[in-house]
Amino acid sequence: MSGAAHWPTGLPGALDTAIDAAAGPGGPFHPAIGALLDAREEFPAEACAVLDGCGTARAYVPAELGGAPGGLPELVAVLRTVARRDVTVAVAHGKTFLGSVPTWVAGTDEQRRALARRVLAGAVVCWGLTEPGHGSDLLAGELTAEPADGGWRLDGAKWPINNATRGDLISVLARTAPEGGPRGFSQLLVDKHALAPGSWSPLPKEPTHGIRGADISGIRFTGAAAPADALTGRPGDGLDIVLRSLQLTRTMCTSLSLGAGEHALRLAHDFAAGRAMYGTTLLRLPLARRVLGRAAASLALADAASLLAARAAHHLPGEMSVVSAAVKAGVPEIVQLAVDDLAELLGARGFLTEHHAHGAFQKLERDHRIVAIFDGSTAVNRASLINQFPVLARLHHMGTYDAESLAATVAAQPVPPIDAGALRLFSRTGCSVVQALPAAAERLGALAAAGAVPRRAAELAAALAAEVAAVADAMAALRPAGRNTPPEAFETARRYERALRKRAPPTCCSPTPATSRGSPRSRPRWNGPWNSSDRATRHPRRRTNRCWRRSRNRRRS
């Protein structure tokens, strides 16, 4: 699995070059401009225009509909490229993918083609899920869509919604049965420009702690008439469509964390390299090197987990209810911990808004915190894992997994189109990435005995296999509890996330079996974020930093 297949070329590479050109003094990606817009809570329109000029919207459209090749891994690379400069811009522009996913997942061929044309032409799409007073309780939604005059009449409000005011189209989850329930909601794609004047109104932009410039607002419908073909899927399929769509959008959200983490690491490293202390520089002090090295290692884990999940969407779609929940809960958490450590290294300059790098660190720190609640909070995602504990525990104890699809997931090959019909609310095959760990540990043990890999790698794999076995036992011991889920269940879910993250780099670096117990099939090499095309991450001073070289050497081994 090679990150080099995505980063240096294609759309991410073009974006990297364009953003670099726009990062000069007075440019829309210069830190001073970002800080000014953040202070004024202004939308980063010029920065988004740079992304438009690069054809970024192609990453939001499936390749078979005219979008960029590379699928979900390419999209993660694209938004990560933007987020490592400005998370607000990535959030503001990338929302179009989130609003479009329900149509990619459940729309008719004509609906998908029509939306693809609109997105490629520059239309902004948003997703109206949450409502005032209900939050993540989607079944409590009150916005209604009733049959009327051969179409639909919409009444109610969605809030808070990213790009609700600036968006051209909004994908709406609406109550279509008065009694509600799992089959009482439907999904509609509404073109705001086609609605009668006065039938809808924007709700004011909300002041936010982070992503201050994003259009976090809302929309209210009052007898808004939408055509019959606004319906996505069948009546009553709304919740099913939303939950399957979230498996893709949650995976995409990891790109925001990866970009923010890389930005934080770059800022902290540059500060430490130039900060004179005790007759030397901060960078040469052992504690500083340890903080930077630990952050680099954390980002490497997050990077591997994110890439693995993005490729799994194409090769293991039936397991994405597990994989997406695990990475969405785990990646923002591990990156936030790294950012917190780096903030302590920066000291006061991590909080000042005008001095070090125009206050870029404190801005990214505020911006990143919201990623944890995007598309379901950490608790919501862990609850999704808890609901699947019985299957995960049983299949792990059985030792079964989808060896062929797992091999394709980690192979350095282009991904096929995502089979949206194969996305499941609950995985029937568990999580092959984790369930294959005992077999992988056995193979590494054999390779270590033959001198083909370091013995330490086999020891770590064996320790991880033991931890996963303990987690499976803990999952099996927990009984379904509905709304009264005990706190220890959430801690068990957290342990499962950690196991998947730790499993990702060995999956990407170790031999891939031809069968679940067979011989090595291929040796894909994983390239982390510091093999990207970002000039800042290839700064000459970094190549002299011992902790960075040591971290890279560990990954290569």
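Q: Where is the place of phenylalanine 426?
A: In this predicted model, local features need pLDDT of at least 70, side-chain atom pairs count only at pLDDT 80 or more, and totals for chains, interfaces and linings use all residues. Residues are numbered from 1 along each chain as its sequence is written, and side-chain values use heavy atoms, with hydrogens and water left out. Helices (H or I, at least four residues) are DSSP runs numbered from the N terminus. Phenylalanine 426 sits in the loop between helix H13 (403-410) and helix H14 (432-435).

Q: Is aspartate 38 buried or exposed?
A: Buried means under 20% relative accessible area, exposed over 50%, and partly exposed in between (1.4 Å probe, protein chains only). Aspartate 38 has 6%, so this residue is buried. Phenylalanine 426, at 48%, is partly exposed.

Q: What does aspartate 38 touch, not counting residues up to four places away in sequence?
A: Contact means heavy atoms within 4.5 Å. Aspartate 38, in helix H2 (residues 31-40), touches Arg212, Lys363 and Arg366, with residues up to four places away in sequence not counted.

Q: How many salt bridges does the structure hold?
A: Side chains of opposite charge can pair when their charged atoms come close. A salt bridge is a side-chain nitrogen of Lys or Arg within 4 Å of a carboxyl oxygen of Asp or Glu. The structure holds 28.

Q: Which residue forms a salt bridge with glutamate 333?
A: The partner is arginine 494, with the closest N and O atoms 3.3 Å apart. This pair links distant parts of the chain, helix H9 (residues 320-346) and helix H17 (residues 487-509), the two residues being 161 residues apart.
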